[in-house]
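Student: Could you walk me through this one? I have not looked at it before.
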Amino acid sequence: QVQLVESGGGLVQPGGSLRLSCAASGFTFSKSTMTWYRQAPEKERELVATINPTGGTTNYADSVKGRFTISRDNAKNTVYLQMNSLKPEDTAVYYCNAKYWTQRWYDDWGQGTQVTVSS
C-alpha cells in the first residue's frame, strides 16, 4: 500500500522558514521522481519543486526560486522542502507527489499539509 505522509506545515510570520517532510512507503522510493505542489484557496494546484530519483536534478517554479530548496534522502524514503523568506502568497496546502514506473506509470499523492504565512 502506497503512503505519502506530509508533515511540517503550520503558521509562520512573513520572512520566516518552514521545512516540510514527506515520508514515503509502499514503492521503490529511490526510483521515483518526487514533486511538491501547492494549492491556495480558489486557485489551481501548481507545481512548486521537483527532484529526480538520484537527487541530482531539481526544478523550481519561478515564484519560489532562490527561497525554496527541495532535497531527498533515499535511505530514509523522505523528500523535503525547505522554505525560507516566506511570503503571504506562499499560503497554501502543500502536497507531495510521487511518479514512478512499476509495469506502468504510477502517480500518487499525499493528503497535504497546510502552510499559512501571516503576521
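Predicted model: local features only at pLDDT ≥ 70, side-chain atom pairs only at ≥ 80, totals over all residues.

Student: How many salt bridges does a search of the whole structure find?
Tutor: The search finds five, where a salt bridge means a side-chain nitrogen of Lys or Arg within 4 Å of a carboxyl oxygen of Asp or Glu.

Student: OK, what does R67 pair with?
Tutor: R67 forms a salt bridge with D90, at 2.8 Å from N to O. This pair links distant parts of the chain, 23 residues apart, with R67 in the loop between strand 6 and strand 7 and D90 in the loop between strand 8 and strand 9; strands here are DSSP runs (E, at least two residues), numbered from the N terminus.

Student: And is D90 buried or exposed?
Tutor: D90 is buried, at 0% relative accessibility, and R67 is buried too, at 11%; buried means under 20% relative accessible area, exposed over 50%, and partly exposed in between (1.4 Å probe, protein chains only).

Student: Which residues share that network?
Tutor: Salt bridges with shared partners join R38, E46, R67 and D90 into one network.

Student: Switching topic, how do strand 9 and strand 10 run?
Tutor: They run antiparallel, joined by five bridges, and strands pair if DSSP finds at least two bridges between them. Y106 in strand 10 is the bridge partner of Y100.

Note on methods: Residues numbered from 1 in each chain as written. Heavy atoms only, no water. Helix = DSSP H or I, 4+ residues; strand = E, 2+ residues; numbered from the N terminus.
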